[in-house]
Amino acid sequence: MPWGWIFPLIFLVLMVVFMVFMMRGGMGGGPMCGGSHKTSGSAETPRETLDRRYARGEITREEYQQMRKDLEG
């Protein structure tokens, strides 16, 4: 069958497209989808930065509580 190579090629192209889509954030609100990013005119407060880092799991609960205490005091 002379056209037997077309299906693996199509599969490969679809896999590459899928991987690029997922790397750019997919439909999960990543940077390419807008997400919850603020407009360039408004700056993020230190408290918002702290909350975002805690929500992403970048810092532990103890670190979050200590930093929050430092910000408030």
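Val20 lies in helix 1 (residues 6-23), helices being DSSP runs of H or I with at least four residues and strands runs of E with at least two, numbered from the N terminus. The model is predicted, so that local features need pLDDT of at least 70 and side-chain atom pairs count only at pLDDT 80 or more, while totals for chains, interfaces and linings use all residues. Residues are numbered from 1 along each chain as its sequence is written, and side-chain values use heavy atoms, with hydrogens and water left out.

The protein chain contains three helices and zero strands, and its pattern along the sequence is α-α-α. Of its 73 residues, 7% count as buried; buried means under 20% relative accessible area, exposed over 50%, and partly exposed in between, with a 1.4 Å probe and protein chains only. The chain exposes about 6500 Å², of which carbon and sulfur atoms supply 65%. These areas come from the Shrake-Rupley method with a 1.4 Å probe, and for residues only the protein chains shown count as cover.

Residues 6-23 are 100% helix and 0% strand, and the end C-alpha atoms of this span are 26 Å apart. An unreviewed UniProt entry places the feature "transmembrane region" at these residues, 6-23. UniProt positions are given in the numbering used here, with feature names shortened, and annotations may be inferred rather than shown by experiment.

Val20 has a relative accessibility of 45% and counts as partly exposed. Together with Trp3, Trp5, Leu9, Leu12, Val13, Val16 and Val17, Val20 makes a nonpolar surface patch of about 800 Å². Patches consist of residues with over 30% relative accessible area and no salt bridge, where like charges are joined within 9 Å and nonpolar side chains (Val, Leu, Ile, Met, Phe, Trp, Tyr) within 5 Å. A salt bridge is a side-chain nitrogen of Lys or Arg within 4 Å of a carboxyl oxygen of Asp or Glu.

Tyr54 belongs to helix 2 (residues 46-56) and Tyr64 to helix 3 (residues 61-72), so the pair links distant parts of the chain, ten residues apart. Tyr54 is partly exposed at 33% relative accessible area, whereas Tyr64 is buried at 12%.
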